[in-house]
Amino acid sequence: MAAIVNTGLTLRGLRNEFFTHYDQWTQKVPNLWQKLCTVIQSNGSSETYKFLGSHPMPRQWGTGRIERGLNVGSFTVTNDEYELTYSVDRKELEDDQTGQIRLKIQSMAASVARHNDYLLSLLINDGHSTGYKSYDDQIFFSAAHTEGGSGTQDNDLTDSTITTPSAMTTTEMQSVLRQMLVAMAGFKDDQGNKVAFSSSGLVLVVPPGQYPAAMEAVKARQILGTDNMMSTMDVVMLSLLSSTDTVYLFKTDDVIKPFILQQRSPLEFASQEKESEKGFQTNRYQYGTYERKVMTYGAWQNAVRMIVT
């Protein structure tokens, strides 16, 4: 009589397998969304944001208080549903001697863990396109942002002095970074005053071809004999970027970050096995994830795009 090998692939075992590897993957680099997104818990099918935008500094009392309501810009974001489902034949589950189904569950966990970065990459890639708007009703990366008395402000820059746009030199990258920093540090609030700015929390996001120059530009101790003030900046290579000639600078330590992850329901892992109607009728078991969430744009002031040509 053949020996019966217990593979441990019960529902509890598979669920533990999934969440163990999900947790491991969420701790891997880049998981850029954890840096760039303000996480907000949603309590309904959608949420309306009216608080986004810059806020002025306190003023002297003078003749008394000046009431300021929530900023005019507002938008409503509806939660989406996401799922990933695998179907397994009962015999495959019972006869799995090599751990192939366990590997499938591990791969499933990795895909789900990378999903937020995938959603983030879509927002970054499309942030200059019609319809992809910030709270001020302007395209997220735009030369036409305005807010109260701020005047027109630009977080979508271009540098046409680059020799090879898809692979900048270190010197070119340093020049581009200076321009992006100057632009971000110059943004004004709705009273026309510059917003307080520091070098903390800066993240440079680049496509693979720009990564070597970006690392050299940011991590060098000195630039032309002068201490490098950008050495505390994080550099993240994101292969999901659609353009090789575009780099992005984000500030991540503000109250409202460049992007918002709105979470309605937490990630679930569930199954339909032999006790279910489908399992009983077909001898096929289903294992799947489900969550409700949506990712959207946050504070455009904490994001600058640079196209090099």
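Is Tyr118 buried, partly exposed or exposed, and what is its relative accessibility?

1. Tyr118 counts as partly exposed because its relative accessibility is 42%, where buried means under 20% relative accessible area, exposed over 50% and partly exposed in between (1.4 Å probe, protein chains only). Tyr118 lies in helix 5 (residues 115–126), helices being DSSP runs of H or I with at least four residues and strands runs of E with at least two, numbered from the N terminus.

2. This is a predicted model, in which local features need pLDDT of at least 70 and side-chain atom pairs count only at pLDDT 80 or more, while totals for chains, interfaces and linings use all residues. Residues are numbered from 1 along each chain as its sequence is written, and side-chain values use heavy atoms, leaving out hydrogens and water.

3. The protein has eight helices and 13 strands, and buried residues account for 43% of its 309 residues. In helix 7 (residues 211–219), Ala213, Ala214, Ala217 and Val218 are buried; they are on the same side of helix 7, because they cover an arc of only 120 degrees around the axis, taken from the directions from the helix axis to the C-beta atoms.

4. There are seven salt bridges in the structure, each a side-chain nitrogen of Lys or Arg within 4 Å of a carboxyl oxygen of Asp or Glu. One of them joins Arg284 and Asp89, with the closest N and O atoms 3.8 Å apart; this pair links strand 12 (residues 284–297) to strand 4 (residues 80–89), the two residues being 195 residues apart. Arg284 is partly exposed at 32% relative accessibility, whereas Asp89 is buried at 16%.
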